[in-house]
Amino acid sequence: MIQTATETESCDNRSTRPDETVLRASDLNVYYGDDRALRSIDMAIPERKVTALIGPSGCGKSTFLRSINRMNDLIDVARVEGELYFHGKNVYDDDVDPVALRRKIGMVFQKPNPFPKSIFDNVAYGLEVQGTTDDVDIDERVERALKNAALWNEVEDRLDESGLELSGGQQQRLCIARAIAPDPEVILMDEPASALDPVATSKVEDLIEELAEEYTVVIVTHNMQQAARISNKTAVFLTGGELVEFGDTNEIFENPDHDRVEDYITGKFG
Ligand SMILES: Nc1ncnc2c1ncn2[C@@H]1O[C@H](COP(=O)(O)OP(=O)(O)OP(=O)(O)O)[C@@H](O)[C@H]1O
C-alpha cells in the first residue's frame, strides 16, 4: 500500500495545505475488451503540484489520465476495476455524476482544438458546457481564465476574432483557458505541447508551472526533458500497463530504483 497524505470526504473541499493527496488510484485496472491496459495501479497524486506520466508508447499513460475524470466511460469497450479516489470519494461510485466530475477535473488535449467561434466564445463555452453560467459574470470569468492561461495580453483587443486565427501555441493556451474557465481543481493534460514549436512549448511549460500554484496538474508527456523541467512528481509506466516507479521527479531522474526505469530515461529503449 502506498503512503498517502490526509484525504477528506468531500469532493468540494479545496484544501490549502501543501502536499495533500487529491487523487489516489488504488488497485486500478483498465481493460479494453479482453486486453488489460493498466495493471493494478496504486498512486497518490499531490494537490497543486505537477505530476508527469511518462513511458513508452502504448504503456497506458493516456488510459490512466482518462480514468481520472472518467473519460474512458466514453469508450464502449473500456472497463475499469479498482478505485480512483478524488478527495477520498471513489469517482466510480454509482452516485458520482461524470459531468460534475469533469467540471472539477478538466482536460486539455494534445492537438489544440479550439472551436470555429470567437476567442471569447471559446472560453465562455467552457462555462456553458459545464452548466456553470447561472449567476456567473461571464465577462469576468472569461477574462480571468484568459489571464490565468497567460493569453489575455495577446487577445484582449480581439476577443471577437475567431480562435482559429491564433497561432498554434496561442490556440493551446486558449484551450487551457477553456478548461480552467469552470474553475476546476485538477487539469489533465495529454501531451499538451507535442504539436507546438519550441517557443510555444516553452510558453506552455511556463504556464503549466504557474497553473500548479492554483491547480493540480497531471500531464502525459513523451518528452523526458519536459517532465524533468516542469514536474514535481513523475510516474513511469512501462509496457503492459505497469506503473514501475513513482516519486519525486529529481529522484526518478537522478537515482531511479529500477534498472528498467534508468534504461528508459537514459534512452536505451522506448
Ligand atoms: N479506445 C481504445 N480501444 C482499444 N484499445 C485501446 C484504446 N485506447 C488505447 N488502447 C490500448 O491500450 C493500451 C494503452 O494505450 P494508451 O493510449 O493509454 O497508451 P499511451 O501510453 O498513452 O500511448 P502513447 O504514448 O502512444 O499515446 C494500448 O495497447 C492501446 O492500443
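Author: A helix here is a DSSP run of H or I with at least four residues, a strand is a DSSP run of E with at least two, and both are numbered from the N terminus. The structure is a predicted model: local features need pLDDT of at least 70, side-chain atom pairs count only at pLDDT 80 or more, and totals for chains, interfaces and linings use all residues. Residues are numbered from 1 along each chain as its sequence is written.

Reader: In which strand does N90 lie?

Author: Leaving aside neighbours within four places in sequence, N90 is in contact with E83, L84 and Y85 (contact: C-beta atoms, placed from the backbone, within 7 Å). The strand that holds N90 covers residues 89-90 and is β5.

Reader: Why is N90 classed as partly exposed?

Author: A residue is buried if 20 or more other C-beta atoms lie within 10 Å of its own, exposed if 12 or fewer, and partly exposed in between, with C-beta atoms placed from the backbone. N90 is partly exposed because its number of other C-beta atoms within 10 Å is 15.

Reader: What radius of gyration does the chain have?

Author: The C-alpha trace spans about 55 × 45 × 40 Å along its principal axes. The radius of gyration is taken over C-alpha atoms, and the globule rule is 2.2 Å times the number of residues to the power 0.38. For 270 residues, a compact globule would come near 18 Å, and the chain agrees with this at 18 Å.

Reader: What percentage of the residues of the chain count as buried?

Author: The secondary structure comes to 10 helices and 10 strands. Of contacts between residues at least 6 apart in sequence, 68% join residues at least 24 apart. Among the 270 residues, the buried share is 45%.

Reader: Which helix gives the largest share of the shell around the ligand?

Author: The residues around the ligand include Y32, S57, K61, S62, T63 and V77 (near means a C-beta atom, placed from the backbone, within 6 Å). The shell has 5 nonpolar, 6 polar and 1 charged residues; Ala, Val, Leu, Ile, Met, Phe, Trp, Tyr, Cys and Pro count as nonpolar, Asp, Glu, Lys and Arg as charged, and the others, Gly among them, as polar. The largest share, 3 residues, comes from residues 61-68, helix α1.

Reader: How many residues of α1 are buried?

Author: Among the buried residues of α1 are K61, T63, F64 and L65. Just after this helix, R70 takes a positive phi of about 60°. α1 is mostly covered, with a buried count of 7 of 8.

Reader: Which residues on the other side of α4 are exposed?

Author: In α4 (residues 138-148), the buried residues are R141, V142, A145, L146 and N148. They sit on the same side of α4 because they cover an arc of only 165° around the axis, the arc being that of the directions from the helix axis to the C-beta atoms. Their cover includes α3 (119-128), α5 (152-155) and α6 (168-180). Exposed on the other side are D139 and E140.

Terms used
Two residues are in contact if their C-beta atoms, placed from the backbone, lie within 7 Å.
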